[in-house]
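Subject: Structure handover and findings

Hello,

Here is the structure for you to look over. Please open it first, then read my notes below.

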Amino acid sequence: VGVKDSFFDRHPAPSAAITLGWELLSEDSVNGRVEIAFHPNDTMLNPRGTVQGGFIAAMLDDTMGPALVTMTDGKEVPATLDMNVSFFKPVVPGRVIGKGWVKSRTRTTAFLTAELFDAEGNLLASATSTAKILQMPKVN
Amino acid sequence: MSKLPSPSSALMQSKPISYEDGIATIEFIAPESFKSLRGVVQGGLIGGFMDEIMGNAVLGESEGKLLPLNLDMNMSYIKPVPMGRLIGKGKVVKIGRNVAFIEAELFDPEGKLLVRSSTTAMLTEVP
């Protein structure tokens with residue numbers, strides 16, 4: 001369920017998205033929902049040999065943000081004020097799927113949420129965030 | 001055999017400086033690969049630093065025996081985090097037999113507070 005003339009097709013991905021292996025699977029610009037695949041790799045492992053918590057937070061962040069971006073066709077971008085992450089299961093390198101959506105928004109503030117799943121559909125982690133809404137900066 | 005330092009800490013160029021009076025201090029270099037659309041470190045990836053700081057606080061408090069397995073992590077983003085050198089400070093608020101409550105702060109090289117975090121974690125032995 002792509003969007004015709006998607007913002008994400010028209011703009012280069014930032015470094016953080018490339019690092020995470022960000023891949024847009026679907027977007028619903030009307031309801032502010034996105035589905036994104038990520039590919040965490042061996043450089044992101046903790047001493048336990050699983051993906052370090054920050055990279056899990058990063059994938060959730062890079063799912064929530066695009067949910068707002070698709071809703072506004074890239075005119076607005078969230079500046080995160082806080083983020084709360086729950087870690088349900090260890091994440092291992094490979095393909096994981098993020099589902100993110102805009103729960104609520106005002107003119108200045110967005111409440112975002114995201115969930116991360118493995119290929120079998122097991123819930124691995126979830127996050128909520130409160131963000132200030134900024135105008136999208138000029139992208140080179 | 002211990003896997004410390006881990007691949008993720010190498011990626012962030014983590015350099016533990018000290019563990020004194022219950023405070024773990026650690027330096028990082030935020031790599032260019034962590035950059036967001038806004039030209040600063042992506043918010044979730046900031047969690048990478050916070051996680052590393054809090055892990056070091058538990059390592060220090062347990063004399064190198066234990067590591068936290070995070071159940072949750074809460075972050076407050078006070079200022080954007082620039083690319084380059086950063087300083088983290090973390091402490092264990094309370095350590096039980098199975099669970100620890102840990103806090104961390106991230107500063108720029110001038111000592112300005114950028115991010116605060118807290119976490120609830122299970123304690124596991126260092127692998």
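Predicted model: local features only at pLDDT ≥ 70, side-chain atom pairs only at ≥ 80, totals over all residues.

Residues are numbered from 1 along each chain as its sequence is written, chains are lettered from A and ligands numbered from 1 in the order in which they are written, and side-chain values use heavy atoms, with hydrogens and water left out.

**Interface**

Contact here means heavy atoms within 4.5 Å. By that rule, 35 residues of chain A meet 35 residues of chain B. The two chains bury about 2,700 Å² between them. Carbon and sulfur atoms give 60% of that area. Buried area is the accessible area (1.4 Å probe) that two parts lose on being put together, summed over both. On the chain A side, P47(A), R48(A) and F87(A) lose the most area to chain B. Together they account for 24% of what that side buries.

What does the interface hold in polar terms? The rule finds 18 residue pairs in polar contact across it, both residues at pLDDT 80 or more. A polar contact is a pair of N or O atoms within 3.5 Å; within protein, one must be able to donate a hydrogen and the other to accept it, and residues adjacent in sequence count only if both atoms are side-chain atoms. The count of salt bridges between chain A and chain B is zero. A salt bridge is a side-chain nitrogen of Lys or Arg within 4 Å of a carboxyl oxygen of Asp or Glu.

Three elements of chain A give two or more residues to the side that touches chain B: α2 (15-20), α3 (53-71) and β3 (76-87). The largest share, eleven residues, comes from β3(A). Helices (H or I, at least four residues) and strands (E, at least two) are DSSP runs, numbered from the N terminus.

T80(A) sits in strand β3 of chain A. T80(A) is buried, at 17% relative accessible area. Buried means under 20%, exposed over 50%, and partly exposed in between (1.4 Å probe, protein chains only). Leaving out residues up to four places away in sequence, T80(A) touches D61(A), S129(A), T130(A), A131(A) and Y77(B).

**Salt bridges**

Side chains of opposite charge can pair when their charged atoms come close. The whole structure has eight salt bridges over all chains.

- E76(A) pairs with R105(A), with the closest N and O atoms 2.6 Å apart. E76(A) lies in strand β3 and R105(A) in strand β4 (residues 96-105) of chain A, so the pair ties together parts that are 29 residues apart in sequence. E76(A) is buried at 14%, while R105(A) is partly exposed at 29%.
- R85(B) pairs with E27(B), with the closest N and O atoms 3.1 Å apart. R85(B) is in strand β4 (residues 84-95) and E27(B) in strand β2 (residues 23-30) of chain B, so this bridge links parts that are 58 residues apart in sequence. R85(B) is partly exposed at 37%; E27(B) is buried at 18%. Elsewhere, salt bridges that share partners join R10(A), D73(A) and K75(A) into one network.
- K75(A) pairs with D73(A), with the closest N and O atoms 4.0 Å apart. K75(A) is exposed at 54%, and D73(A) is partly exposed at 35%.

R116(B) is in strand β6 (residues 113-125). R116(B) is partly exposed, at 38%. Its side chain makes a polar contact with the side chain of E105(B), at 3.3 Å. Among the residues that R116(B) touches, beyond four places in sequence, are M50(B), N74(B) and E103(B).

Q13(B) is in the loop between α1 (7-11) and β1 (15-20) of chain B. Q13(B) is partly exposed at 48%. D21(B) is in the loop between β1 and β2 of chain B. D21(B) is exposed at 81%.

Best wishes
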